[in-house]
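Please open the model in a viewer and keep the selection panel at hand.

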Amino acid sequence: MITALHTGFHKSELRSLTWGKVDFRNRLSRVEAGYAKNREARSVPMNELLTQTLQDSTLSESTAPVFRNRQGQPYRDPDSAFITAVRRAGITDFTFHDLRHTFASRLVMAGVDLVTVKELMGHKHLAMTLCYAYPALDHKRLAVEVLSTGM
């Protein structure tokens with residue numbers, strides 16, 4: 001879940017991620033065109049938290065999948081582990097795809113421009129990116145407080 005939340009990757013992109021596509025030196029994770037929803041390869045920078053998380057579980061084989069079950073087999077579908085984690089956390093009405101929306105929303109609320117968010121998410125059109133970014137109510141409150149400061 002950390003990788004999804006910090007890259008905005010689709011489930012299929014996460015399932016296809018191998019250690020050979022994780023570049024720790026340049027702090028990039030790469031999605032190949034064949035696994036990207038829009039069929040275009042892209043690289044997403046890795047922040048410090050994601051880099052450290054992945055380094056803690058790395059394998060030496062470049063073809064080995066990053067995400068494996070307890071038996072060391074690649075996940076066919078990460079939903080079972082995700083659903084268990086969400087249930088244990090007491091979260092309701094939350095899907096794996098919501099992590100992608102959270103990724104976009106957090107970036108926008110942190111002041112990242114929409115064009116950069118679009119590129120990170122692999123969208124072809126800005127309109128699609130706008131469908132993903134939902135500012136939180138507290139963020140909206142802070143925005144309108146600017147008006148009371150006398151500009």
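The stops that follow cover a sheet, an aromatic cluster, a surface patch and several salt bridges in a predicted model.

Begin by selecting residues 22-23, 28-31 and 42-45.

K21 lies in the loop between helix 2 (11-16) and strand 1, and E32 lies in the loop between strand 2 and strand 3, so the pair ties together parts that are 11 residues apart in sequence. Both ends are partly exposed: K21 has a relative accessible area of 30%, and E32 has one of 27%.

Move on to E40 and K124, whose side chains meet in a salt bridge at 3.5 Å, N to O. This pair links distant parts of the chain, 84 residues apart: E40 is in the loop between strand 2 and strand 3, and K124 is in the loop between helix 6 and helix 7 (126-130). E40 is partly exposed at 42% relative accessibility, as is K124 at 48%. Now display R30 as well: salt bridges that share partners join K21, R30 and E32 into one network.

**The aromatic cluster.** Select F82, F94 and F96, which form one aromatic cluster. The structure holds three aromatic pairs. In the pair of F82 and F96, the ring centres are 5.2 Å apart and the planes stand at 75°, so the arrangement is edge-to-face. F82 belongs to helix 4 (residues 79-89) and F96 to the loop between helix 4 and helix 5 (98-109), so the pair ties together parts that are 14 residues apart in sequence. Are these two residues buried or exposed? F82 is buried, with a relative accessible area of 4%, and F96 is buried at 8%.

**A charge over a ring.** Centre the view on Y132. R100 lies over the face of this residue, at 5.3 Å from the ring centre.

Switch to a surface display and select V115, L126 and L130, which make a nonpolar surface patch of about 250 Å². V115 is in helix 6 (residues 114-121) and counts as partly exposed at 48% relative accessibility. Finish at K118 and E119, where the side chains meet in a salt bridge of 2.8 Å, N to O. K118 counts as buried, at 14% relative accessibility.

Terms used
Residues are numbered from 1 along each chain as its sequence is written. This is a predicted model: local features need pLDDT of at least 70, side-chain atom pairs count only at pLDDT 80 or more; totals for chains, interfaces and linings use all residues. Side-chain values use heavy atoms; hydrogens and water are left out. Rings of Phe, Tyr and Trp (its six-membered ring) pair if their centres lie within 6.5 Å; planes under 30 degrees apart count as stacked, over 60 as edge-to-face and the rest as tilted. Helices (H or I, at least four residues) and strands (E, at least two) are DSSP runs, numbered from the N terminus. Buried means under 20% relative accessible area, exposed over 50%, partly exposed in between (1.4 Å probe, protein chains only). A charge sits over a ring if NZ of Lys or CZ of Arg is within 6 Å of the ring centre and within 35 degrees of the ring normal. Patches are made of residues with over 30% relative accessible area and no salt bridge: like charges are joined within 9 Å, nonpolar side chains (Val, Leu, Ile, Met, Phe, Trp, Tyr) within 5 Å. Accessible areas come from the Shrake-Rupley method with a 1.4 Å probe; for residues, only the protein chains shown count as cover. A salt bridge is a side-chain nitrogen of Lys or Arg within 4 Å of a carboxyl oxygen of Asp or Glu.
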